[in-house]
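Student: I would like to learn how to read some features of a structure. Please give the general idea before each case.

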Amino acid sequence: MHCTNCSETISDQAEICPKCGVRTFTVKNYCHGCGSSVKENQEICISCGVSLKRKNNNSNGEKEPWLMALLSFFILGLGQIVLGQTAKGITMLVVGIIIGMITFGLSAIITLPLAVIDAYLIAKKKKEGKVVRDWEFF
Ligand SMILES: [Zn+2]
Ligand SMILES: [Zn+2]
């Protein structure tokens, strides 16, 4: 594909253009399909016919941070699971239960706020369009 800001040829998976540093599809100067110049309100490229609408409607990017925090408050790691960090969320839940049993629930004072803050910050990053790795914390 082409960078929508500077028309440089970039990888299809690239979220940010290595040449100009602009996130793809945030600026609409060029067609991502053929790199020809397009107008801001144009919906289809006249040169190659590709739809110029933002293609990556990342469903994980729209979750509300406070809602994810709330989910992790009720079930440890649930916010993380909903955010796509399935393995991390399940591990948090299992480890949280084990440590909770050992400490007779006292560990929840520490693990619960951490899980809530983590879910909130991860959701915030995703909402801002940042790339979050599967095991990334905070
Ligand atoms: Zn560029
Ligand atoms: Zn085009």
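Tutor: Begin with burial: a residue is buried under 20% relative accessible area, exposed over 50% and partly exposed in between, with a 1.4 Å probe and protein chains only. This is a predicted model, in which local features need pLDDT of at least 70 and side-chain atom pairs count only at pLDDT 80 or more, while totals for chains, interfaces and linings use all residues. Residues are numbered from 1 along each chain as written, chains are lettered from A and ligands numbered from 1 in the order written, and side-chain values use heavy atoms, with hydrogens and water left out.

Student: Is Cys-3 buried or exposed?

Tutor: Cys-3 is buried, because its relative accessibility is 0%. Gln-13 counts as exposed, since its value is 67%.

Student: Which residues are the protein donors of the zinc ion (ligand 1)?

Tutor: Donors are N, O and S atoms within 2.8 Å of the metal (3.2 Å for Na, K and Ca); water is not among the atoms, so sites may look incomplete. Here the SG atoms of Cys-3, Cys-6, Cys-17 and Cys-20 lie 2.2 to 2.3 Å from the ion. Their spacing in sequence is C-x2-C-x10-C-x2-C.

Student: Why is the arrangement around the zinc ion (ligand 1) tetrahedral?

Tutor: Four donors count as tetrahedral if all angles lie between 85 and 135 degrees. Around ligand 1 the four donor atoms subtend angles of 104 to 117°, so the arrangement is tetrahedral.

Student: What are the protein donors of the zinc ion (ligand 2)?

Tutor: That ion has Cys-31, Cys-34, Cys-45 and Cys-48 as donors, each through SG, at 2.2 to 2.3 Å. Along the chain they follow the spacing C-x2-C-x10-C-x2-C. The angles are 105 to 113°, which makes this site tetrahedral.

Student: How many salt bridges does the count come to?

Tutor: A salt bridge is a side-chain nitrogen of Lys or Arg within 4 Å of a carboxyl oxygen of Asp or Glu. The count comes to eight. Among them, Glu-15 pairs with Arg-23 at 3.2 Å, N to O; Glu-15 is partly exposed at 34%, and Arg-23 is partly exposed at 22%.

Student: Where in the chain are Lys-88 and Asp-118?

Tutor: These two form a salt bridge with their closest N and O atoms 2.6 Å apart. The pair links distant parts of the chain, 30 residues apart: Lys-88 is in helix α3 (residues 86-102) and Asp-118 in helix α4 (residues 108-127). Helices (H or I, at least four residues) are DSSP runs, numbered from the N terminus. Both Lys-88 and Asp-118 are buried.

Note on methods: Four donors count as tetrahedral if all angles lie between 85 and 135 degrees; four count as square planar and six as octahedral if opposite donors are over 155 degrees apart and all others between 65 and 115; anything else is irregular. Helices (H or I, at least four residues) and strands (E, at least two) are DSSP runs, numbered from the N terminus.
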